[in-house]
Amino acid sequence: MLKYVNFDIVFREVPDEVTLAVNLSCCPCRCEGCHSPQLQTDTGEELTTEIVNGLLDRYGKTITCLCFMGGDNAPLEVAALAEAVHPRIKTAWYSGREHLPKDFPLQHFNYVKLGPYRPQYGPLDHPTTNQRMYRVTASRTLEDITPRMRFGTRFAD
Ligand code: SF4
C-alpha cells in the first residue's frame, strides 16, 4: 500500500515543470544520511486514485507535473496511479532504486529519477551526484537530463 505524508508545489525537482510533489512514506531504501527519515516509517494516509484525482482537481490549473516522491515499497502501485492521471498531467517518479523494476510500465511517466542518496556524491543537483534524472522519450527510452538539475543550467531541447 502507498501512503502519503504531505504534498507541495515545487519548482526545481523536475526541470522546466511546476510540480506537485507528493511525499510517500514506507521507503525501504535506507539511504545513509536520508533527508527525511520519517519517510522510512509506516506513516500517513493511503494514497488512492480518488485522492490523486482530487489533488488534480484542486491544483491542476497551477501545475504542469505530478511527481510521486518515493513509493519504492510498491512501484507498480505508483505506476497505476500515474496511469490514472496520465496524460491529463505529466507524471514523474522519484525512486531510490539503482534500476527500474523489471517490466516497469514507463509509458505512464514523463520523468523518472533513479538512485539512492549517497552523501559522498552529493544531492541530485551536485556535479558528482550518483543519482540520475531521466526524461522518458516517445519511444520509452531514458534520456539522462541530470545536468539540468543544476541551478541556472538550461539546455536546448
Ligand atoms: S530514497 Fe529518499 S526517503 Fe528513502 S531512504 Fe533514501 S533519501 Fe530517504
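Analyst: In strand β6, Lys113 is the bridge partner of Tyr94. The model is predicted, with local features requiring pLDDT of at least 70 and side-chain atom pairs counted only at pLDDT 80 or more, while totals for chains, interfaces and linings use all residues. Residue numbers start from 1 along each chain, as its sequence is written.

Strands (E, at least two residues) and helices (H or I, at least four) are DSSP runs numbered from the N terminus. Two strands are said to pair if DSSP finds at least two bridges between them.

The sheet is open and has 8 strands in the order β3-β1-β2-β4-β5-β6-β7-β8, with mixed pairing. Strands β3 (45-46) and β8 (142-144) stand at its edges; each has a single partner strand, so one side of each lacks a neighbour in the sheet.

Within this order, β4 (residues 65-69) pairs with β5 in the parallel sense over 5 bridges. Met69 has Tyr94 of β5 as its bridge partner. Strand β5 (residues 90-94) in turn runs parallel to β6 (residues 111-114), joined to it by 3 bridges. Between β6 and β7 (residues 132-136) the direction is antiparallel, with 4 bridges; there, Leu114 has Arg132 of β7 as its bridge partner.

The core may be considered next. A nonpolar core is a set of buried Ala, Val, Leu, Ile, Met, Phe, Trp, Tyr and Cys residues joined through C-beta atoms within 7 Å. A residue is buried if 20 or more other C-beta atoms lie within 10 Å of its own, exposed if 12 or fewer, and partly exposed in between, the C-beta atoms being placed from the backbone. The largest such core has 29 residues, of which Val22, Cys67, Phe68, Ala92 and Tyr111 touch the most other members. Two or more residues come from each of β2, β4, α2 (75-85), β5, β6 and β7, and β4 gives the most, with 5 residues.

Val22 is in contact with Tyr4, Phe7, Leu47, Cys67, Phe68 and Met69. Leu24, found in β2 (residues 19-24), counts as buried because it has 24 C-beta neighbours inside 10 Å. Among the contacts of Leu24 are Leu2, Tyr4, Leu47, Phe68 and Met69. Leu39 lies 15 residues from Leu24 in sequence, and their C-alpha atoms are 6.6 Å apart.

Note on methods: Two residues are in contact if their C-beta atoms, placed from the backbone, lie within 7 Å. Lists of a residue's contacts leave out its neighbours within four places in sequence.
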